[in-house]
Amino acid sequence: MLRRIFLFQILLGWLIVVIKKGLEAMQPLMKESPKTALHKEVIAKPALTAPLFAHAEPINLYVALNGNDSWTGRLETANQFNNDGPLATIKKAKTVVRELKLQHSDRPIKISLRGGTYFLSAPIVFEPEDSGSINQLITYRSYPKELATISGGKLITGWQKETVNKIEMWTVKLPQDTETKWQFQHLWVNGKRRSRSRYPNQGYLKVKTVDLKPGQTWSQGNSSFEYYQGNLPDTNAAAFKGAELIVMTRWVESRLPVVKIDPTQRQIYFSKNSVFQLAPGDLYYLENSLKWLNTPGEWYLDRLQAKLYYLPLSEEGIDTVEIIAPILDSLLIFPGNAAENRYIQHLKFEQLAFSHTDWQLPAYISGYNQNAWEVPGAVKAIAIRNCTWNNCTFSHLGNYALELGKDCQYSRISCCSLFDLGAGGIKIGDKHSNNFDLNTAEVTHHNQIINNHLSAGGKFFHSAAAIAVWKSHHNLIAGNHIHDYYYTGIAVMGDWSFQPTQSYQNLVIDNNIHHIGKLSNGDGPIMSDMGGIYILGCQEGTKICHNQIHDINALRYGGWGIYLDEGSSYIVAEYNLVYSTSHSGFAQHYGKENLIRHNIFAFGKESQIHRHRQDLQTAREQNFISFRFENNIVYWQSGQLFTGLDKDYQSHAIFQRNIYWQTDKSSFLFGNLTWQQWQKSDRYSLIIDPLFVAPQEDNFKLQPNSPAYKILPAASLAELEK
């Protein structure tokens, strides 16, 4: 389906330029499924990434680790005289591309990188002068059947065996130079992430009490808390030299450098305040002390002495191991400027790998209040248009993988694999844009995130989302497989109110999202207030369709499948399958005129539907319908049907034509109402078994004799069963 859409998009771009009237004549003849129609709502203005003259012979350049920047780059390998061959660096290739553009304005240019790891000493910067054009797509790719990795790391060599704290381990004195600041927070050994020394080695400790200041609000942090007797492995100050405590509260983590321990009062003190007010029971762990380096695969960096310690696995050899530490925050940077009409355009990156970055929190900050948004991407773009990342790998990173920031338009990230990430996967938009009336040339819009696999994220910044969109419109997020994040799968955000922003007409469709909060390996949950799909603010035209969401778990509250947070309005959520959530399948904090229809919500542990009391309060005050809940199947085994409100669940909301069924009960309460009382405002719904094929085995297809065929529209059932 998606492939047909992409081909149609390219064809449409051609027809718009060449034969617009012919296209208009063809439109009535084109038949399309509901899903195709939804895609076209978002990509109505196509990204013209394909060259108009596709038959033109491309100009080929080559880059290789054994190349030479004084050569032409036109040969795949060095010639027999060893005086010409591939270039050595991407930076030089960019220079050659600029020269070729002046000579050949109508031929595509392909830069092929031979296999191997390209260690960068500085990020590669693409300026507007490095752009391609509609007639001249410029592609950077791995050479066929080889993989080129662009790395922000450095090989660590010179290891020696040393006995430390009665344990034999490897150590190395890091070289001192003006380019490298040895403050990294990540390490990769033979292509695998290794953990900083940690206490406890597995699991988490709990905050005992917090000394709150008079008048302190929940959004104001703390610089100390009381720990439980026996929780800390040592109270000697030397054990905490360079150590960091990571504590999770609400929906964020705080990374707090330890400065003092008071064993008498059992208080631990930090040099920073936590992001939010801490609370008893909040989970935490500690990292980066030589005293805690006791488990194979752990490491410790003494920053002051520039000395690295590593406790190897039994199968690792000191003479054969490859150990890489990150020295860069960014790999590729695209500093366009929309206000000056200096866009970076028509570049394609294909089958490349991006790895080995770090990112340090500012000295005065312990974390961020939503999605770790301020953590940048290893690939970071501003004001790009019609650029593509296809079949690329983003892995072994300390920050977000890829960021399409301010004023990025008509670009696509497709069929990429993103894993082992310090923060999230993909960010789109500009959190700090508060002007709804901005010129469309200076807004992020019409980008596509399609058919990507995002997993194992939030390794360092646990509150990061796999995909986060903020104040950006007409984006397509489709066909992605997302799992193993501590916080949220997909977040599409405007603002915490009914105020319109640049977030609207976004489409989230056909995504498979699971194991959010509690990972597939059993770790977690460690945070609260999360969603498989999270929506914030007024977003007219945004749709959540045909997604499968399951195994969403929160620590205290808010393990929700589809979560409409503050101000979420004019959202359509339809044809989604949501099951196995710790709290509920659908939750609304407060919003206006949302339409929730043709969904299956199953096996919420606490409840199936959550409506916050603020939702009813705002709807009553302003006299509007909060949401319409219709043509849904709600199916559960334990827990309640509704939570959030004590009563008046139907007030300023509409429920109709739904099927409700609790597997071990034929009679249950609707909030505080009996079925007879509830039906006075919901006359067309039924309490009846929908007869799924095998719901305990996650098969929610309907049996041929399901009563759903009698009560629910046939068209909606056909779409839902797809």
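Visitor: How many helices and strands are there in the protein?

Guide: Helices (H or I, at least four residues) and strands (E, at least two) are DSSP runs, numbered from the N terminus, and in this protein there are 8 helices and 61 strands. The model is a predicted one, in which local features need pLDDT of at least 70 and side-chain atom pairs count only at pLDDT 80 or more, while totals for chains, interfaces and linings use all residues. Residues are numbered from 1 along each chain as its sequence is written, and side-chain values use heavy atoms, with hydrogens and water left out.

Visitor: What share of the residues is buried?

Guide: A residue is called buried under 20% relative accessible area, exposed over 50% and partly exposed in between, with a 1.4 Å probe and protein chains only. Of the 722 residues in the protein, 58% are buried.

Visitor: Is L256 buried or exposed, and which residues is L256 in contact with?

Guide: L256, which is found in strand β16 (residues 252–262), counts as buried because its relative accessibility is 0%. Contact means heavy atoms within 4.5 Å, and, leaving aside neighbours within four places in sequence, L256 is in contact with A243, E244, L245, V247, F270, K272, N273, S274 and S366. One of these residues, K272, is 16 residues from L256 in sequence, with 6.0 Å between their C-alpha atoms. For the protein, 77% of the contacts between residues at least 6 apart in sequence join residues at least 24 apart.

Visitor: Why does N341 count as exposed, and where does N341 lie?

Guide: N341 counts as exposed because its relative accessibility is 58%. N341 lies in the loop between β22 (332–335) and β23 (344–345). The C-alpha atoms of N341 and E442 are separated by 9.3 Å, although these residues are 101 residues apart along the chain.

Visitor: How many aromatic pairs does the count come to?

Guide: Rings of Phe, Tyr and Trp (its six-membered ring) pair if their centres lie within 6.5 Å, and planes under 30 degrees apart count as stacked, over 60 as edge-to-face and the rest as tilted. By this rule the count comes to 54 aromatic pairs. Among them, F334 and W389 form an edge-to-face pair, at 5.8 Å centre to centre and with 85° between the planes. This pair links distant parts of the chain, 55 residues apart, with F334 in strand β22 and W389 in strand β28 (residues 388–390), and both F334 and W389 are buried. Another edge-to-face pair is formed by Y660 and F670, at 5.1 Å centre to centre and with 90° between the planes. Y660 lies in strand β58 (residues 659–662) and F670 in the loop between β58 and α6 (675–678), so the pair ties together parts that are 10 residues apart in sequence. Y660 counts as buried at 0% relative accessibility, and F670 counts as buried at 1%.

Visitor: How many residues line the largest pocket, and which lie nearest its centre?

Guide: Rolling a probe the size of a water molecule over the atoms shows where empty space is left. On a 1 Å grid over the protein atoms alone, with a 1.4 Å probe, a pocket is an open set of points with protein on both sides within 12 Å along at least five of seven lines, and lining residues have an atom within 4 Å of a point. The largest pocket is lined by 36 residues, of which R193, S195, R198, K459 and Y486 lie nearest its centre. The largest share of the lining, 5 residues, comes from β11.
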